[in-house]
Amino acid sequence: MSESLHILCDRWLGNTGPQSDIVVSSRARLARNLAGARFARSSTPEDLKRVHDAVAAAISAEPIFSEFHEIVLADLSAAERSILREAHLISPELERHTKHCAVHLAPDASISVMVNEEDHIRMQAIVTGYRVREAHRVINEVDDTLTRHLQFAFSSRLGYLTACPTNTGTGLRASVMLHLPGLVMNGDVEKIIREIAEHGFAVRGLYGEGSNCTGDLYQISNEVTLGKSEEEIIESLLGVLDQLIVRERDARQSLFNEKPVFVEDAIWRSYGTLVQARMINSAEAIGLLSRLRLGIERGHFHDRLTHHDLNRLLIEIQPGHLMAMRKVAEETELRDAARADFLRERLIDIANSN
Amino acid sequence: MVFFGHKLCDICNKNRATIKMTQVDDGQVTELMICQSCNADHNPLHRRPEEAGEGVQSLFENLLSEKGMKEAGGKADQEIGTCSACGLDFATYRKTFLLGCADCYTSFEAALLNDLRKIHGDTRHAGKVPSGLEERVEQETTAAELRRQLAQAVQSEDYERAVELRDQIRALEQSDT
C-alpha cells in the first residue's frame with residue numbers, strides 16, 4: 001500500500017501555483033463538531049464510531065465525494081501514517097490517535113476531511129503556491145455539502161463550537177507555507193516574525209522554531225477565529241503576506257547585489273554536499289535544499305530544477321516518503337544512505353551546463 | 001423581599017426575578033420584574049460605589065460575562081464546577097484547554113467568554129451561518145440586541161422604553177416557540 005499511498009498523497013503537488021518561488025502551499029481548514037455528541041477527546045469508543053459512521057454516510061451520500069478515498073488510520077503502519085502527515089494531509093494529532101480516526105481524501109488529495117481529530121471534523125483544502133482564497137472557496141463548498149447531511153454544533157452568538165476555544169466561531173485556520181531563505185540569510189527574519197505575531201498571526205518554523213528553523217520554511221496562519229467573517233480573516237492574512245513576500249524578494253535581490261560571492265558560495269557548497277554525500281539526514285537535507293532556491297533564482301539550474309521541483313523534494317526526502325519510494329527499512333542509517341542516493345540521482349545532472 | 005414565583009428576570013432572563021420596579025407616568029403604570037443581580041448592576045439607586053463612573057460600553061456583554069467573572073473573581077477554578085451535560089470539570093479544561101462538549105460553552109459561560117475575549121478580542125460570531133439556521137440566528141441576535149437596549153433603558157431610568165423593549169422580547173420569544 002505504501003507506494004500507492006505516497007503517490008496519492010503527493011498529487012496535490014502536481015501543478016505549479018502562483019508565486020511558488022516563495023509560497024510553497026496555501027491551506028484553509030474548518031473545524032466542525034456534530035451537534036449532540038461529545039467532543040472527540042471526551043468520547044467513548046462507541047461515540048467515536050458513531051461520529052465516524054455519520055461522517056462516512058454523509059460523504060458517501062454526495063456525488064461530489066464519490067471519488068474520495070477513505071483511509072482508516074488504524075489500518076496503516078506508523079510509516080504510512082507519517083506519509084500522510086509529511087504530505088500535510090493529516091495533523092500530528094491524527095497521526096497519534098488512531099481509534100476510529102479516518103481521513104477522506106479527494107482523488108488529487110487537495111481536499112482532506114479528517115474524522116475524530118481534536119474536533120469531529122477537520123476539513124482542509126491545500127493547493128500549491130499563493131492561493132489562499134481559492135483554498136477557502138473549495139473547503140467552504142465541502143462544508144456546505146456536509147451541512148446538508150450533518151447538523152453541526154453551532155450557537156448564534158459564538159458560531160461553530162469547537163473543542164478548543166482557539167477555534168471557536170468560524171473554525172477557520174487559513175495558512176501558507178513560506179520559504180524565506182533571503183530573510184534568514186540577511187538576519188531580518190526574527191524581527192519580522194515578531195512584527196507579524198504582534199498583528200495577531202501565528203508564525204512557526206515548519207521544522208524547528210525561530211532562527212533554528214531548518215530549511216527556512218515558515219507557516220503563517222490567522223489566530224483570531226471569532227468576531228470576524230471568513231473573508232475578513234483571509235483578507236487581513238493576505239495583507240500581511242503580501243508585504244512579507246515583497247520583503248523576501250527584496251532580501252534576495254539585495255543579497256545578490258551586495259554579497260554575490262557569499263551567496264554563490266552558499267549555493268554551490270550546498271549543491272556540492274547534496275550530490276556528493278553518501279549519508280544525509282532529513283534536517284541537513286532540508287537546510288541544503290533551501291540554499292538551492294537561491295541558485296534557481298540565479299538561473300544556475302535552467303529548467304532542470306524549478307521552485308516547484310524543490311517544493312516537492314522538501315516533502316519527498318522525509319522519512320515516511322523515502323521509506324515508501326526507496327523501499328528501505330526503518331533503520332536510520334539505511335534511510336540516510338537511501339536519502340543521499342535519492343538526492344544525488346535527482347540533482348547530479350541539474351548543473352551540468354555550468 | 002417580594003417573590004414572584006419562578007418568573008425570570010426581564011433583563012437577563014436567567015435569574016429568578018425578585019424585585020418589582022414600578023413607574024407611574026401620566027397615570028400609566030408600568031412594571032418590570034428583575035433579579036437582584038441586575039438590580040444591583042442597572043438600577044442607579046443600587047449602583048456600587050466602585051462602579052460609579054465606569055464606562056457603559058456594552059451592558060449586555062456585562063450581563064453575560066463580566067458580572068459572572070466578578071462573582072467568580074478570585075475563586076479557584078474548580079469552584080466553577082462541572083459541565084451539567086458531559087461532567088467535565090473546569091479544572092480539567094484549564095489543564096488541557098479542551099472542552100468536553102458543546103454544552104460546556106453554556107456551563108462555563110462566564111469564564112469562557114473571558115477566555116474567548118482574551119484569545120480573539122471578541123465574543124460574537126461574525127462569520128458563516130449554516131444554511132437552514134439563518135432565521136433562528138437572526139432572531140436570537142435581535143433578541144440579544146433588544147436585551148442590551150433594555151439594560152441600557154433601565155440604567156438610564158427610562159422605564160417606559162424598558163417595558164416596550166420587554167414586550168418586544170417576549171413577542172419575539174413567543175414567535176419562536
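Here are a few friendly notes on this predicted model.

1. Some housekeeping: residues are numbered from 1 along each chain as its sequence is written, while chains are lettered from A and ligands numbered from 1 in the order in which they are written. Local features need pLDDT of at least 70 and side-chain atom pairs count only at pLDDT 80 or more, whereas totals for chains, interfaces and linings use all residues.

2. Do look at the sheet of chain A: eight strands form an open sheet in the order β2-β3-β4-β5-β1-β8-β10-β9, with antiparallel pairing (strands are DSSP E runs of at least two residues, helices H or I runs of at least four, numbered from the N terminus; pairing takes at least two DSSP bridges).

3. Within chain A, β4 (residues 111-115) and β5 (residues 121-128) run antiparallel and are joined by five bridges. A:Val115 stands opposite A:Ile121 in β5(A).

4. Helix α3 of chain A spans residues 78-86, and its buried residues include A:Arg81 and A:Glu86 as well as A:Ile83 and A:Leu84 (buried means 20 or more other C-beta atoms within 10 Å of the residue's own, with C-beta atoms placed from the backbone). Just after α3(A), A:His88 has a positive phi of about 65°.

5. In chain A, the axes of α9 (residues 260-276) and α10 (residues 282-297) come within 8 Å and cross at roughly 130° (axes are lines fitted to C-alpha atoms, for helices over the stretch in contact, with angles from 0 to 180 degrees between N-to-C directions).

Conventions
Buried ≥ 20, exposed ≤ 12 C-beta atoms within 10 Å, placed from the backbone.
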